[in-house]
Amino acid sequence: MSTTRPFTVYPAIDVRHGAVVRLLKGDYDQETQYSDDPVTVAESYARAGARWLHLVDLDAAREGRYTLDGMLQQIVERTGLMVQTGGGVRSADDVQRLLDAGATRVVIGSLAVREPDTVIGLLERFGPESITVALDTRIGEDGVWRLPVDGWTGDSDLDLITCLHRYDSSGLRHVLTTDIGRDGTLGGPNFHLYTALTRSAPQLQVQASGGARNVDDVRAARRTGCAGIILGKALLEGRLTVTDAIQEEGL
């Protein structure tokens, strides 16, 4: 597959109770805390050359109602980063509030699974460059990729490909898909999943998430046809640097 499309590295900061944390496979009972100052972590990524930040409100993802408005505004003002952010986004008012606080793109997850028509309306209202749809997935015993909701703590009956096709004529451009079984494991991304996605929906800008370990994984995501990759634990644990990762953006 061609690798001529633009490629973006998204350092990730997941916030719970005000701290930078990582969950193992989305399990809120398996949390590792890395810093009590998310803004300082964001500043370090900006100094290293990042252009974007992926900011997640984990509390809101499970309970609803995004809470990081002030932090978002502070990060944008102090770093100049473009920020893709979400967690608990449930309405047009939520999207507008985050954009007003400085977000470049708002991530919509559970609502995109439960109410695709509502999200299609948001895409029409705010434009495809303002919204990323998160279709995070976990493979079932039947081999079907299912779409959990509510910060991955609840289940839906919808599968990944069926849900994705509901957006075929919506103008959707940016899709983020996490293989939940690999998230926080440093076990490598699921490139079979991303190959299937990029081939079935070549018009979409797919962001890979979950399991990235090193520069080779970043490079492989680009070769697979993804338009970007989310980097979390590997950066926080020093296994990969932003400086090294972003070298793959311009290749």
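**Before selecting anything**

This is a predicted model, in which local features need pLDDT of at least 70 and side-chain atom pairs count only at pLDDT 80 or more, while totals for chains, interfaces and linings use all residues. Residues are numbered from 1 along each chain as its sequence is written, and side-chain values use heavy atoms, with hydrogens and water left out.

Helices (H or I, at least four residues) and strands (E, at least two) are DSSP runs, numbered from the N terminus. Buried means under 20% relative accessible area, exposed over 50%, and partly exposed in between, with a 1.4 Å probe and protein chains only. Contact means heavy atoms within 4.5 Å.

**Stop 1: α1 and α3**

Select helix α1, residues 38-47, and then α3, residues 69-79. The two helices pack at an angle of about 30°, with their axes 10 Å apart. Axes are lines fitted to C-alpha atoms, for helices over the stretch in contact, and angles run from 0 to 180 degrees between N-to-C directions. α1 and α3 are therefore roughly parallel to each other; angles under 35 degrees count as roughly parallel, over 145 as roughly antiparallel, 65 to 115 as roughly perpendicular and the rest as oblique. The crossing of α1 past α3 is right-handed, that is, the near helix is turned clockwise from the far one by less than a right angle, anticlockwise being left-handed.

The buried residues of α1 are Pro38, Val39, Val41, Ala42, Glu43 and Tyr45. Gly49 follows α1 and has a positive phi, near 110°.

Next, select Arg65, in the loop between α2 (58-63) and α3. Its phi is near 75°, a positive value in a residue other than glycine. Arg65 is exposed, with a relative accessible area of 52%.

**Stop 2: α4 and α6**

Select helix α4 (residues 92-100) and helix α6 (residues 116-126), whose axes come within 10 Å and cross at roughly 40°. That angle makes α4 oblique to α6. Ala92, Val95, Gln96 and Leu99 of α4 make the contact with Leu122, Arg125 and Phe126 of α6. α4 passes α6 in a right-handed crossing.

**Stop 3: Leu147**

Move to Leu147, in the loop between β9 and α7. Is Leu147 buried or exposed? At 0% relative accessibility, Leu147 counts as buried. Beyond residues up to four places away in sequence, Leu147 touches Val113, Leu135, Asp136, Thr137, Ser156, Leu158, Asp159, Leu160 and Cys163. For a distance check, draw a line from Leu147 to Pro116: they are 31 residues apart in sequence and 13 Å apart in space, C-alpha to C-alpha.

**Stop 4: α8 and its cover**

On the way to α8, select Leu186, in the loop between β10 and α8. Leu186 has a positive phi, near 55°, and is a residue other than glycine. Leu186 is buried, with a relative accessible area of 15%.

Now select helix α8 (residues 191-200), where the buried residues are Leu193, Tyr194, Leu197 and Thr198. Seen down the axis of α8, these fall within an arc of 120°, so they line one face of the helix; the arc is that of the directions from the helix axis to the C-beta atoms. The face turned away from the buried side carries the exposed residues His192 and Arg199. The cover over the buried residues of α8 includes β9 (145-146), α7 (160-165), β10 (174-178), β11 (205-209) and α9. At the N-terminal end, Asn190 caps α8, with a side-chain oxygen 3.3 Å from the backbone nitrogen of His192.

**Stop 5: two residues of α9**

Finish on helix α9 (residues 215-224) and select Asp217. At 3% relative accessibility, Asp217 counts as buried. Apart from neighbours within four places in sequence, Asp217 is in contact with Gly188, Pro189, Phe191, Gly211, Ala212 and Ile229.

Val215 is also found in helix α9. Which residues is Val215 in contact with, leaving aside its neighbours within four places in sequence? They are Leu240, Asp244 and Glu248. Val215 counts as buried at 18% relative accessibility.

How values were computed. Polar contact = N/O pair within 3.5 Å; in protein donor to acceptor, adjacent residues only side chain to side chain.
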